[in-house]
Amino acid sequence: MLSWGSRTTLQETSDSIAVRDTLHRTLREVQVEDENQRSFRSTFAGNDLLKTAEIRSLPTFLGESDVLRALRLLPGIQSVSEGNSGVYVRGGSAGHNLFLLDEMEILNPSHLMGLFSVFNPLTVGNLEVFKGNAPVQLQGRLASTILVNSIAPDSTNNGLELNLGTLSSSASLIRSSADGRFTMVLGYRRSYLEALGWVASLFINDKKNYFHNNQYFFEDFNGKIGYRLNPKMKLTLSWYTGQDRFHFKDDGLGYNATSDWGNQSLLLKLDRNVRPDLNYHTSLGFTSTHSGLSGDMLDNSLNFLSYLEQYQWKNLWDYRRDNHLLQSGAEVFLQEAMPLRMSMFYNANNVLKLQRYSNAGMVLFSGDQYRSPSGKTLLYGGLRVTMNAPLGPYAYAETQVTAGKIAKVWLTASPVISISHFPRSGISLKASLSLNEQNVHLSSLSSIPLPFDLWVPTTPRLRPETADQLTCGYYSTSDALDWSVEGYVKGMQHQLLFNVVTDNTNSMGFEDQFFSGKGFAYGFDATMKKNWGIYTAKLRYSYARSFRSFDKIMDGDWFRDKYDRPHDFNLQLTCTPNAVWDFSLLWTYASGCNLNLPTGRWWMSGLIMNDYDQFNGFRLPAYHRLDVSANWHLKPRFFKESVLNFSIVNLYNRANPYFAYFRVYMDENRYHLSVKSYQISLFPIMPSVSWRFKI
Amino acid sequence: MFKHWYVFLALFLLSCTNEIELEQPDYVSKIVVDGYIESNGFANVYLMHSSPFLMEYDSASVRATFMNAATVTLTCSNGDSEILTLFRQNTFFPPFVYKTIRMKGIPGESYSLKVNYNGKLVTASTTIPQPPTMTAFEMESRSDSSGLIRIGMVKGAGVTNYAFIQYKSIKADQNFHPAGVPVYKMDELTEQGSLYVLRCDENNLYLVNPTKQAYSNWPKGMFSVKDTVLVKFGLVDVASYQVLKSLFADEAVRNNPFAFNSAGIQSNIVGGIGRWTGIGVAPTQIYP
């Protein structure tokens, strides 16, 4: 979470080494990087980049390209999270990913219960992911750092762009001044489910109209404005605000409540070229996420609020000399979180729970990238030290900490080393080893990640989560074929699992309601890309295993993580026969995820009771689906660009499992009893049409 | 075009339910004890084997779960002891119960249970707390036709009590069974000695046809003011409370597909699973 989005890497060219700084294009010469060569020149194993064109070439879901759906096609990232906002990277959990939109942290990256991401596809320029091994300024989570960068405005991409989708539409405005001093990217997106409810009311009565009693709405507004104060100084203001709101009402069941959740982020950044070999970057940032629920449920009045707010001041210096690029920095932060504020009128009992946590901390980091004189080897070494201090008040039996006083200091060191070697043109080998730490924890209240999941910072009793990961890879590229294979092993310590079935909730603090344990993951990813004229094929396969162990679950026995899915495969075919049409096909296959359902049964006073002798012992059926799409590039008469997209998601209407449950049928008098398993599936065949145009 | 949007939306909303085949993980059958002894009541012990969850029963295979040839011995902390006798009972499954015919529960005493079956030994122990002194038993009406049953008890300062509530509704039930929220921890944070007897929720996945239930579509937790409700209000020891709490918390979780039981279930049976509960019960209360 405490990371710096700016990144500088050494680039090898045929003649020389040039320095590329992705955030300072206007300040220095930029080497344009050939995409196929990129992975060879990155120092870190497990680093991938997706560009806008790739994201937009994929089949759309309900008329909307989606950044996270594209991200999930990358090797090492689980390809399936239907109706699930979580991203699962190399054995990590949903809360183990750091999302940075233009360097602003986004804690809850989904809209519409996980169906869409919060990133407006019209403003996204590229997406870069580090899967567990990253430069020190980009660390802060155990599993990945995901950088979502807005389009860089220039004279070629100015304009107003709109995308009209089935459930929502989005717009972007990109502008840059003639001299390049001023740049602007604005994006807005809004759903219109309520309009569809009105359409439905023309055909069916209000009682049967789902949208008469249930209104869903989401919107987001993001932007980035840059102004070059002088040739050596640039000021950038970035922001994101997004909101989901769901009102649901059912008189029969006694529901009448509104739930809302969202993110707000703001960042002001100054980039300064101090000397030709020294740059300084400083920023002030704020980010927050919240979720709430208020109203009546099951005839009980309920009011629930959860939020996490964070203020950050970051500083980064990058200094280059000879074959070295040194990056050092310091950050300070202040967090305030209320993971649980709940007031409830439950059958005449008033229940009020209030928990508030404050943390202050500092991060120091330094990393050096070195290129060997032969240019065939890149080395990186760095250290990140984090001091996180939970602040009072805390009331424990053994001690009392007053408000604002330091209750505990957690000091963690995160070293990282990485090496990449280029023995000959087209071949590279990489190895990276990191110890990562994480100072905020996502508490899942459900069997799947939901927007209502709670963020809680490190407390005196909740220590930082840590993980160490070793990644090694071999990469080959040529005009005929690109392919690569990466393997990894990861150990995870101080993992947290929220105990939803707990006792003594009145007398326990929120921090006491966690199991603490460890994790272990390993696997490999293989990718292949081949071009045949107008056809391009991409094939990705991951074998991934992930296990957990908690002292208080099954006596500490190791069990499969819920998202331990050994096989994950996707095949993407694109065809571009001419400038008017392009076609895309995507087939996805993944092993089913695991479920913690009872493994045995017995009777108590005539009731069927459960027995658990395994955790996550059941595995759902495998997931697979085929998506196709076609883009029709219309001849622009009034527009700079005009594209009609036709997509069909789940072409063969596969009923994929969303979750499963048991139903018991019994006839006691005849001693007959049977148990049947059922699955709920979300998406049948989903056709859509959307129109994207640029003025 | 609008009409087409609606079709797409309908497709989106029509998530479907299918029966699927799940593979039963390996499961080793365990000896199950479901036993209780109430103050001034005989001991009741139901013995059976647990089964793999996905196993289908018919009248033949179900017999394999019965344990009719066990030797069950009850020993009181005052030195008294008795071997329980097997009786047939038809009210619920399993159809056999081991009972004492002489020994009755005495408040303040501990009771040890020993089960010998095919060379296997299963043991458990519990205590019977002093029965609560009730101060209130009334129906608090919530509408013209429904209400909540409230009970009150004398609660000593600084004392933690563990309540266990069972009831039988003449309108809906044949037997006494645990209430909707059957166990309460009553410490200094709990409202002084006042609890509600919440009606069990019929709308769960484990009933074949919930709409046939007497309280189908009835306000949650409430009883009909025209019903006759018998309430057994008792206290249990902390070990029994923790076992019962985990069992009923699990029952609540399993009716919610989004929820999961991260804690498993607890048992106070050594060598098996289940519960052995001593209950200090107040005299049965009857509404109206």
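A:Trp581 is partly exposed, with 28% relative accessible area. This is a predicted model. A:Trp632 is partly exposed too, at 33% relative accessibility. Partly exposed covers the range between the cut-offs for buried, under 20%, and exposed, over 50%.

Over all chains, the structure holds 29 aromatic pairs. One of them joins A:Trp581 and A:Trp632: the ring centres are 5.5 Å apart and the planes meet at 5°, so the pair counts as stacked. The cut-off for stacking is under 30 degrees between the planes. A:Trp581 belongs to strand β33 (residues 581-590) of chain A, and A:Trp632 to strand β38 (residues 623-633) of chain A. The pair therefore ties together parts that are 51 residues apart in sequence.

Another aromatic group is found in chain A. Ring pairs link A:Phe44, A:Phe130 and A:Tyr380 into a cluster.

## Three strands side by side in chain A

Start with strand β23 (residues 410-424) and strand β24 (residues 427-438), both of chain A. They pair in the antiparallel sense, over seven bridges. Within this pairing, A:Ile419 stands opposite A:Ala431 of β24(A). The two strands form a hairpin with two residues between them. There A:Gly426 takes a positive phi near 90°.

Now move on to the next partner. β24(A) also pairs with strand β27 (residues 465-477) of chain A, again in the antiparallel sense, here over 12 bridges. A:Lys430 stands opposite A:Gly473 in β27(A). The charged end of A:Lys430 sits over the ring of A:Tyr475, at 4.6 Å from the ring centre. In a regular strand, side chains alternate between the two faces of the sheet.

## A buried serine in chain A

Is A:Ser288 buried or exposed? A:Ser288 is buried, because its relative accessibility is 8% and the cut-off for buried is under 20%. Its place is in strand β16 (residues 278-297) of chain A.

Which residues touch A:Ser288, once neighbours within four places in sequence are left aside? The contacts are A:Gly262, A:Asn263, A:Gln264, A:Leu308 and A:Glu309.

## Chain B as a whole

Chain B has two helices and 20 strands. Buried residues make up 51% of its 288 residues. The accessible surface of chain B comes to about 13000 Å², and carbon and sulfur atoms account for 52% of that surface.

Now take the contacts in chain B with a separation of 6 or more. Of these, 61% join residues 24 or more positions apart. Chain B also has a charge over a ring: B:Lys232 lies over the face of B:Phe176, 4.8 Å from the ring centre.

## A buried isoleucine in chain B

B:Ile31 lies in strand β2 (residues 31-38) of chain B. With 6% relative accessibility, B:Ile31 counts as buried. What does B:Ile31 contact beyond its neighbours within four places in sequence? The residues are B:Met48, B:His49, B:Met67, B:Lys120, B:Val122, B:Gly272 and B:Ile273.

B:Thr284 gives a distance to check in the 3D view. B:Ile31 and B:Thr284 are 253 residues apart in sequence. In space, their C-alpha atoms are 32 Å apart.

Conventions. Residues numbered from 1 in each chain as written. Chains lettered and ligands numbered in written order. Predicted model: local features only at pLDDT ≥ 70, side-chain atom pairs only at ≥ 80, totals over all residues. Heavy atoms only, no water. Helix = DSSP H or I, 4+ residues; strand = E, 2+ residues; numbered from the N terminus. Buried < 20%, exposed > 50% of the residue type's maximum accessible area, 1.4 Å probe, protein only. Contact = heavy atoms within 4.5 Å. Pairing = 2+ DSSP bridges. Phe/Tyr/Trp six-rings, centres within 6.5 Å; stacked < 30°, edge-to-face > 60°. Lys NZ or Arg CZ within 6 Å of the ring centre and 35° of its normal. Areas by Shrake-Rupley, 256 points an atom, 1.4 Å probe, with all protein chains shown as cover.
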